[in-house]
Amino acid sequence: HITFRNSLSVEVPAMMRMTAMALVVLVGFAAADEDAKVRKLLKQLKSEKAKERMLAASELARLGSDAKSALKPLLEVIQKDSDAKVRQLSVYAIKQMGADGKAALPSVIAALKGDKDSDVRSICANVCGQLGKDAKAAVPALAAALKDKNVGPCAASALGDEAARLA
């Protein structure tokens, strides 16, 4: 028994159960709050204003793997958005998802090969390096990117990460 100053006596197992239940409720509220936040950001990602789309992509990046439900819309942004900064932040948001972003790899490789913005391509190379052995399909695109003076260092780093994993 634990006795408090006000002479309330509570058994330790009962207190632990109450604490656990409170945590479950709080985690449930937090998860629901994150889902609502992601839905709001996805709506903002469709704004006509590039600044609003940038802010949405940046916030999705901050959420990391908690924003994994945004993966498909982020891929659409990478493929179709006219603003390079929005595309950069969208690729970065996928990078911040870690392993939860690996389903995006084909689109990331396509952007590495063909996006007109070197910063987008550099972040794509970083994503490929981060995904490790799941990114073997990116090796030819990374090797080709070595010739690009802006993207080459990121591609070399990603290929180095892959070589280190294979060693």
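Q: How many residues does the largest nonpolar core have?
A: The model is predicted. Among the residues with the most contacts inside its largest nonpolar core are Leu45, Leu60, Leu74, Leu112, Cys128 and Leu142. The size of this core is 44 residues.

Q: Which helix gives the largest share of this core?
A: The elements giving two or more residues to the core include H1 (12–44), H2 (50–63), H5 (105–114) and H6 (118–130). The largest share is six residues. Those six come from H6.

Q: Which residues is Cys128 in contact with, leaving aside neighbours within four places in sequence?
A: Cys128 is one of the residues with the most contacts inside the core. Neighbours within four places in sequence are set aside here. The contacts are then Leu105, Val108, Ile109, Leu112, Ala135, Ala138 and Leu142.

Q: Is Ser90 buried or exposed?
A: Ser90 lies in helix H4. Beyond four places in sequence, Ser90 touches Ala57, Leu74, Val77 and Ile78. Its relative accessible area is 0%. Buried means under 20%, so Ser90 is buried.

Q: Which helix gives the largest share of the lining of the largest pocket?
A: The largest pocket has a volume of about 170 Å³. Its lining includes Pro73, Glu76, Val77 and Lys80. The largest share of the lining is four residues, and it comes from H3.

Q: How many residues of the lining of the largest pocket are charged?
A: Lys46, Arg53 and Asp81 are among the residues that line the pocket. Leu42 and Leu45 line it too. The lining has four nonpolar residues and no polar ones. The charged residues number five.

Conventions: Residues numbered from 1 in each chain as written. Predicted model: local features only at pLDDT ≥ 70, side-chain atom pairs only at ≥ 80, totals over all residues. Heavy atoms only, no water. Core = buried A, V, L, I, M, F, W, Y, C linked by side-chain atoms within 4.5 Å. Buried < 20%, exposed > 50% of the residue type's maximum accessible area, 1.4 Å probe, protein only. Contact = heavy atoms within 4.5 Å. 1 Å grid on protein atoms, 1.4 Å probe; cavity = no way out; pocket = protein on both sides within 12 Å on 5 of 7 lines; lining within 4 Å. Points joined across faces, edges and corners; volume = space filled by probe spheres on them. Nonpolar A, V, L, I, M, F, W, Y, C, P; charged D, E, K, R; others polar.
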